Amino acid sequence: MGFVRIHCLAVASAGLLLATSGALAAPSAQAQREIAQLIGSLDGSQCQFQRNGSWYGPADARSHLQRKYDYLLKKDMVDTAEQFIERAASQSSMSGKAYRIRCPGQPEQTSAAWFGARLQALRQRTP
């Protein structure tokens, strides 16, 4: 009888630990800065952002990415800049199609690659 109680308590404790270990914390201040800089990285550029087959200018791209980020925050689904790129800035959550970016004088590329390069550059500039 004592073994059953101890075993049940151990199983319940392990389940609680597993349930809470998967929960994301709010993004750190550094992650919030990086994500804000990534979202704003199209501002002032002449780059265009493609989603679902249509091209959009920087202001529309920023607005779209900000809405996706805000949604992910409410759902506790993003706490790093890498997660933002993967979950918000890489592909359409509706169609699954990859987002693309084209900038004057540069080859068109996936937005995941473009934002990944921006993140690396941000981190190299920040001590």
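These legends describe close-up views of a predicted model.

Figure 1. Follow the chain along its sequence, and the elements come in the pattern α-α-β-β-α-α-β-β-α. The chain has 127 residues, and 28% of them count as buried. Now take the contacts in the chain with a separation of 6 or more. Residues 24 or more positions apart account for 58% of these contacts.

**Figure 2. Helix α2 packs against helix α3.** The two helices meet at an angle of about 150 degrees. Their axes are 9 Å apart. Angles over 145 degrees count as roughly antiparallel, so α2 is roughly antiparallel to α3. Which residues of α2 meet α3? They are Gln32, Ile35, Ile39 and Gly40. On the α3 side, the partners are Arg62, Leu65, Gln66 and Tyr69. Sorted by class, this contact has four nonpolar, three polar and one charged residues.

**Figure 3. Helix α2 also packs against helix α5.** Here α2 covers residues 29–40, and α5 covers residues 111–125. The angle is about 130 degrees, and the axes lie 10 Å apart. That value makes α2 oblique to α5. The crossing of α2 past α5 is right-handed. From α2, the contact uses Glu34, Gln37 and Leu38. From α5, it uses Phe115, Arg118, Leu119, Leu122 and Arg123. By class, the contact of α2 with α5 has four nonpolar, one polar and three charged residues.

**Figure 4. The largest nonpolar core holds 23 residues.** Which members touch the most others? They are Leu38, Leu42, Phe49, Phe84, Ile101 and Phe115. Helices α2, α3, α4 and α5 each supply at least two residues of this core. Two of the names return from the view of α2 and α5: Leu38 sits in α2, and Phe115 sits in α5.

**Figure 5. Ile101 is among the core residues that touch the most other members.** This view shows the contacts of Ile101, leaving aside its neighbours within four places in sequence. Its partners include Leu42, Phe49 and Phe115, which are also listed among the core residues with the most contacts to other members. Ile101 is also in contact with Cys47, Gln48, Trp55 and Pro107.

**Figure 6. Tyr99 lies in the loop between α4 and β3.** Strand β3 spans residues 100–102. Is Tyr99 buried or exposed? Its relative accessibility is 1%. Buried means under 20%, so Tyr99 counts as buried. Now look from Tyr99 to Gln109. These residues are ten apart in sequence. Their C-alpha atoms are 8.8 Å apart in space.

**Figure 7. Gly116 is a residue of helix α5.** Gly116 has a relative accessible area of 23%. That makes Gly116 partly exposed. Which residues does Gly116 touch, not counting those up to four places away in sequence? The two are Ile85 and Ser111. Ser90 is 26 residues from Gly116 in sequence. From C-alpha to C-alpha, Gly116 and Ser90 are 9.9 Å apart.

**Figure 8. Asn52 has a positive phi.** Most residues other than glycine have a negative phi. Asn52 is not a glycine, yet its phi is about 50 degrees. Where is Asn52? The residue is in the loop between β1 (48–51) and β2 (54–56). Asn52 has a relative accessible area of 35%, and is partly exposed.

**Figure 9. Asp76 also has a positive phi.** The value is near 55 degrees, in a residue other than glycine. Asp76 is found in a loop between two helices, α3 (58–74) and α4 (81–87). How accessible is Asp76? Its relative accessible area is 47%. A residue counts as exposed over 50%, so Asp76 is partly exposed.

Definitions and conventions: Residues numbered from 1 in each chain as written. Predicted model: local features only at pLDDT ≥ 70, side-chain atom pairs only at ≥ 80, totals over all residues. Heavy atoms only, no water. Axes fitted to C-alpha atoms, helices over the stretch in contact; angles between N-to-C directions. Helix = DSSP H or I, 4+ residues; strand = E, 2+ residues; numbered from the N terminus. Parallel < 35°, antiparallel > 145°, perpendicular 65-115°, else oblique. Left-handed = near helix turned anticlockwise from the far one by under 90°. Contact = heavy atoms within 4.5 Å. Nonpolar A, V, L, I, M, F, W, Y, C, P; charged D, E, K, R; others polar. Buried < 20%, exposed > 50% of the residue type's maximum accessible area, 1.4 Å probe, protein only. Core = buried A, V, L, I, M, F, W, Y, C linked by side-chain atoms within 4.5 Å.
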